[in-house]
Amino acid sequence: KLEETNTQLQTALERVNTQSKILEVTTNIIVLCDVKGRIEWVNSAFEKCTGYTIDEVKGKKPGEILQGPDTDPETVAFIRQSIKQENKIKVELVNYRKNGEKYWLELILEPIYDERGTLTAFLAIENDISERKEIERKLKERDERLKKFSFMTSHELRHEFAKILLLLENKELL
């Protein structure tokens, strides 16, 4: 019986070690918060992306240290409401690194429950989407320039076409 328990413990330890390695090597930012939304643990991807260490953020709410002037207040309110209601959400928002640099983030926030159904934590899985947002911004800017160009060109063509029609209508006079 002791040998069987020892084997089960060894198997469980191996599983925990594997899961721990996965959490550390993933490029996804992972943040574990308590039921009040305070940080309990972050992975190395969080530290690389934000510049903050676990010791600097532990016990603080992510918004206290990561949000800034360009963070959308409506998105923040939606996140807070979702935490109160224990809802799973997916949002995009602007955050700030320790050095003040702005970055875009896709956030998936999930409540975690124990076997009795009691809320025990919140898990945030995040991806830096700054590059995608920059491409979207450039495409939108280009589209606006194309619309202006198209309007100007079509206006000028309509003007010239109107002249031709006027000439054709009055060809007898010419």
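Trainee: In which helix is isoleucine 164 found?

Mentor: Isoleucine 164 is found in helix H6, which covers residues 130–169. Please keep in mind throughout that this is a predicted model.

Trainee: How is the accessibility of isoleucine 164 to be classed?

Mentor: The class follows from relative accessible area: under 20% is buried, over 50% is exposed, and values in between are partly exposed. Isoleucine 164 has a relative accessibility of 47%, so this residue counts as partly exposed.

Trainee: Let us turn to the strands. With which strands does S1 pair?

Mentor: The general idea comes first. In a regular strand the side chains alternate between the two faces of the sheet. In this structure, strand S1 spans residues 29–33 and pairs with strand S5, residues 119–128, in the antiparallel sense over 5 bridges. S1 is also joined to strand S2, residues 39–42, by 3 bridges, and that pair runs antiparallel as well.

Trainee: How many residues of S1 are buried?

Mentor: In S1, 4 of the 5 residues are buried, so the strand is mostly covered.

Trainee: How does S4 pair with S5?

Mentor: S4 and S5 pair in the antiparallel sense over 9 bridges.

Trainee: Which residue other than glycine has a positive phi?

Mentor: Glutamate 86 is such a residue, with phi near 60 degrees. Glutamate 86 lies in the loop between H5 and S3 and is partly exposed, because its relative accessible area is 32%.

Trainee: Which residues touch the most other members of the largest nonpolar core?

Mentor: That core has 23 residues, and those touching the most other members are Ile29, Val31, Ile39, Phe46, Val57 and Ile79. Two or more residues of this core come from each of S1, S2, helix H2 (44–50), H4, S3, S4 and S5. S4 gives the largest share, 4 residues.

Trainee: What does isoleucine 79 touch?

Mentor: Apart from its neighbours within four places in sequence, isoleucine 79 is in contact with Ile89, Val91, Leu93, Leu107 and Leu109.

Trainee: How is a pocket to be read, and how much space lies in the largest pocket?

Mentor: Rolling a probe the size of a water molecule over the atoms shows where empty space is left. Here the largest pocket holds about 480 Å³ of space. Its lining has 23 residues, and the closest to its centre are Pro62, Gly63, Gln67, Ile79 and Ile83.

Trainee: Which elements supply the lining of the largest pocket, and what is its make-up by class?

Mentor: At least two lining residues come from each of S1, helix H4 (62–66), helix H5 (73–84), strand S3 (89–96), strand S4 (102–113) and S5. H5 gives the most, with 5 residues. By class, the lining has 13 nonpolar, 4 polar and 6 charged residues.

Trainee: Where is isoleucine 83 placed, and which residues does isoleucine 83 touch?

Mentor: Isoleucine 83 is in helix H5. With residues up to four places away in sequence not counted, isoleucine 83 touches Leu109 and Phe122. Isoleucine 83 is partly exposed, because its relative accessible area is 25%. Its C-alpha is separated by 18 Å from that of leucine 105, which is 22 residues apart from it along the chain.

How values were computed:
Residues are numbered from 1 along each chain as its sequence is written. This is a predicted model: local features need pLDDT of at least 70, side-chain atom pairs count only at pLDDT 80 or more; totals for chains, interfaces and linings use all residues. Side-chain values use heavy atoms; hydrogens and water are left out. Buried means under 20% relative accessible area, exposed over 50%, partly exposed in between (1.4 Å probe, protein chains only). Two strands pair if DSSP finds at least two bridges between them. On a 1 Å grid over the protein atoms alone, a cavity is a set of points where a 1.4 Å probe fits but cannot get out, and a pocket is an open set with protein on both sides within 12 Å along at least five of seven lines; lining residues have an atom within 4 Å of a point. Grid points are joined across faces, edges and corners, and a volume is the space filled by probe spheres set on the points. Ala, Val, Leu, Ile, Met, Phe, Trp, Tyr, Cys and Pro count as nonpolar, Asp, Glu, Lys and Arg as charged, and the others, Gly among them, as polar. A nonpolar core is a set of buried Ala, Val, Leu, Ile, Met, Phe, Trp, Tyr and Cys residues joined through side-chain atoms within 4.5 Å. Contact means heavy atoms within 4.5 Å.
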